[in-house]
Amino acid sequence: MWKVFQVSLCRVDWRGICFTSRRLSPAGLRRVSPRQLCNRPGQPARSCTVDPNLEEQFVFLDCTADPEDDPRQEEKDLLLQLPQQELPQVQQQLPKHQHHPQVRQLRSLERQLQVLRGMSLQEAEPDSLIQFDDVDFPLDPSVVASQRRKRKVRTGEHKIFGTPDLDEPVSNTCCSGCGALLHCTTAAVPGYLPSEKYKALLQDERLSDAICQRCHLLTHHHKALNLQLSKDEYRAVVMQLRPLKALVLLIVDLLDIPDSIVPDLPELVGTNKHVVVLGNKIDLLPADSPNYQQRIRRQLSQYCCDAGFGSQVTDIHLISAKTGYGIEGLISSLQRSWRYKGDVYLVGSANVGKSTLFNTLLESDYCKSKASDVIHKATISPWPGTTLNLLKFPIINPTPYRMFRRQERLNEASQQTESELPLEELKRLQHFSRQGYLVGRVGRTFRTGAELRRDEIEFDADSLAFGENEDREMTTATARSRSPDEFTYNELKDAHWLFDTPGIMKEHDLLSLLNEQEVRMVVPSQAVVPRTFVLKPGTSLLVGAVARIDFLQGEKSCWFSVMASSRVPVHVTSLEKAASIYEKHAGHVLLGVPLGGAERMKEFPRLVPQEFRLEGRGYLEAAADIKLSTAGWVAVTAVEGEQLLLRVHGPEAAGFSLRTPPLLPHIVSLKGKRIRKSAAYKPVKPEGQLDSGLLARGAERLQVKKK
């Protein structure tokens with residue numbers, strides 16, 4: 001204790017000498033000024049008066065003294081000799097008041113002792129330095145907030161994949177998002193969960209409601225994980241339905257026909273199956289003529305005949321699984337024709353929208369009303385091969401009474417006005433009317449008791465009792481009892497199911513060459529607005545950095561209408577500059593896709609040229625479509641009878657081809673005025689249409705037309 005007081009006395013004497021020397025200034029050198037540059041926190045700001053004729057003089061003290069003459073050396077030596085156990089005893093003997101001078105002196109000694117015992121040997125970090133706050137000149141709040149955000153990002157590092165456990169056995173529970181078996185052994189195998197989360201869910205008996213880490217990253221972070229799966233493994237899952245009696249719903253991507261049609265469908269599902277062809281993503285295509293949907297149906301039928309299963313096709317529907325267009329008509333057709341004869345399978349190539357249709361039918365009259373509360377929705381993403389195994393929900397039996405009640409609901413919905421719609425339904429229609437050309441309404445005729453009481457306020461008097469939730473046991477039991485009930489044995493003993501199958505990987509696909517960010521840019525998610533350009537012979541059209549079309553021969557100018565995502569840039573240049581522009585701007589902002597600069601283009605395959613010859617059909621009808629795989633196509637319109645020679649550059653694995661007849665032959669008419677001193681025309685977005693369920697005056701306010 002005596003050593004502590006000796007240190008205090010030495011420190012007070014030394015401070016008094018220093019403060020006296022600071023306050024006393026030589027005469028004629030410096031005048032004491034009342035200016036205060038910094039105020040202490042908690043004290044009010046002091047005003048200051050400055051004489052403009054006063055010339056300040058600064059005195060710089062000599063701080064290069066010899067360390068041996070340090071007046072605080074004795075104090076530091078005493079602190080180093082002071083034992084650590086004496087500080088609490090001294091603190092107990094001092095007064096309790098925190099503003100007492102002895103208490104403040106002891107706390108300062110404790111902090112200095114910690115510094116001298118080893119903390120001073122470490123180098124100070126920038127974040128640990130003292131920050132002074134000037135009351136008269138406060139810091140900008142945006143600067144302070146940005147510094148805090150940077151500090152949080154630097155210190156908030158966490159692991160994404162967790163830790164696997166090879167000793168933990170694989171479960172018998174499938175992921176409700178993709179259908180893979182859940183486990184925690186290897187991150188590269190489908191169905192992986194970190195061992196920490198896997199064991200916790202297994203212990204709480206909640207593994208059946210969980211989704212794997214791959215589905216979680218696809219849904220919430222738009223990040224795709226590379227899995228060790230081959231194309232044959234996807235096909236093996238679909239081939240399981242060969243000996244079964246079932247109906248096949250073949251889903252086709254209209255932006256990628258005929259390549260999205262499974263070529264060997266009879267070999268996969270068998271020749272004894274009825275096939276209903278569903279042309280999906282019709283909402284993304286503009287109407288180039290009044291009867292364009294009938295023309296697309298005829299082309300789909302011809303493509304199925306060319307693929308070898310035309311005799312198995314019983315019906316063709318054009319739908320939009322995203323906006324709900326055509327879904328109610330599809331359900332009515334299935335309930336009239338197939339009724340309840342067997343199971344139904346969704347089959348198609350990868351990334352055609354099978355999982356999106358599965359989720360839409362799960363909330364419709366084709367599914368048991370109780371299933372939407374029990375069964376988890378499938379994981380959807382633009383990345384191909386999201387679904388890895390079979391997903392299913394029970395189909396409702398379309399009895400005459402149920403079909404009569406359903407028809408009554410459809411008739412009532414067709415007479416509704418905009419003011420009679422629920423708020424959520426109105427927001428949904430307005431949202432999809434801005435994204436797609438065709439919008440539909442999908443409703444439910446039969447609902448469970450839980451859905452009917454969803455908007456009611458539940459009052460539980462026991463939950464308001466004092467001290468009931470002290471151990472949280474009753475709260476957990478109540479939450480479990482109110483969870484959706486599972487199906488009983490009698491409800492499922494004779495049920496038929498609708499299955500979502502994994503997508504068949506295509507032999508040639510552009511998406512296999514892109515990463516997850518580039519896939520989201522290439523795959524259209526909104527209505528495709530055609531971009532039309534007029535080109536002379538000797539010019540080139542670059543669609544991003546994935547395709548290049550050279551106009552080699554022709555007598556007159558031609559129109560090139562690009563049907564691709566608006567996030568993919570289009571650039572027009574001369575044939576002589578095309579190669580240099582591609583080499584300079586590929587991987588950068590001008591061409592857009594791929595992204596990543598020169599390093600990314602080293603991994604991207606080089607473009608391989610192929611030549612096509614076309615014959616023009618007139619100014620109002622396209623001669624052919626240059627298919628750019630899943631990215632879309634470019635429609636070429638030329639003078640009737642004119643012979644054209646085009647050279648198309650693209651990755652060999654993408655499989656660019658020529659499609660005749662074109663899917664939308666009158667697409668050139670959907671253009672505005674020509675932009676001055678440019679080869680481009682102003683894009684024009686056609687009006688949308690509403691399938692059913694809203695009167696015309698309400699549809700006009702939603703910017704769509706009643707069909």
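This is a predicted model: local features need pLDDT of at least 70, side-chain atom pairs count only at pLDDT 80 or more; totals for chains, interfaces and linings use all residues.
Start with the chain as a whole. It has 707 residues, and 44% of them are buried. Its secondary structure comes to 22 helices and 21 strands. The accessible surface is about 40500 Å². Carbon and sulfur atoms account for 52% of that surface.

Now turn to the aromatic rings. The whole structure holds four aromatic pairs. One of them joins Phe 358 and Phe 393. Their ring centres are 5.1 Å apart and their planes meet at 55°, so this pair is tilted. Phe 358 belongs to helix α12, residues 354–362, while Phe 393 sits in strand β5, residues 391–394. The pair therefore ties together parts 35 residues apart in sequence. Both Phe 358 and Phe 393 are buried.

Trp 559 and Tyr 619 form another aromatic pair, this one edge-to-face. The centres lie 5.3 Å apart, with 80° between the planes. Trp 559 is in strand β11, residues 558–564. Tyr 619 is in the loop between β13 (607–615) and β14 (624–627), so the pair links parts 60 residues apart in sequence. Trp 559 has 15% relative accessibility; buried means under 20%, so Trp 559 counts as buried. Tyr 619, with a relative accessible area of 45%, is partly exposed.

Finally, look for lysines over rings. Lys 392 lies over the face of Trp 497, 4.3 Å from the ring centre. Lys 671 lies over the face of Tyr 681, at 5.4 Å from the ring centre.

Definitions and conventions. Residues are numbered from 1 along each chain as its sequence is written. Side-chain values use heavy atoms; hydrogens and water are left out. Helices (H or I, at least four residues) and strands (E, at least two) are DSSP runs, numbered from the N terminus. Buried means under 20% relative accessible area, exposed over 50%, partly exposed in between (1.4 Å probe, protein chains only). Accessible areas come from the Shrake-Rupley method with a 1.4 Å probe; for residues, only the protein chains shown count as cover. Rings of Phe, Tyr and Trp (its six-membered ring) pair if their centres lie within 6.5 Å; planes under 30 degrees apart count as stacked, over 60 as edge-to-face and the rest as tilted. A charge sits over a ring if NZ of Lys or CZ of Arg is within 6 Å of the ring centre and within 35 degrees of the ring normal.
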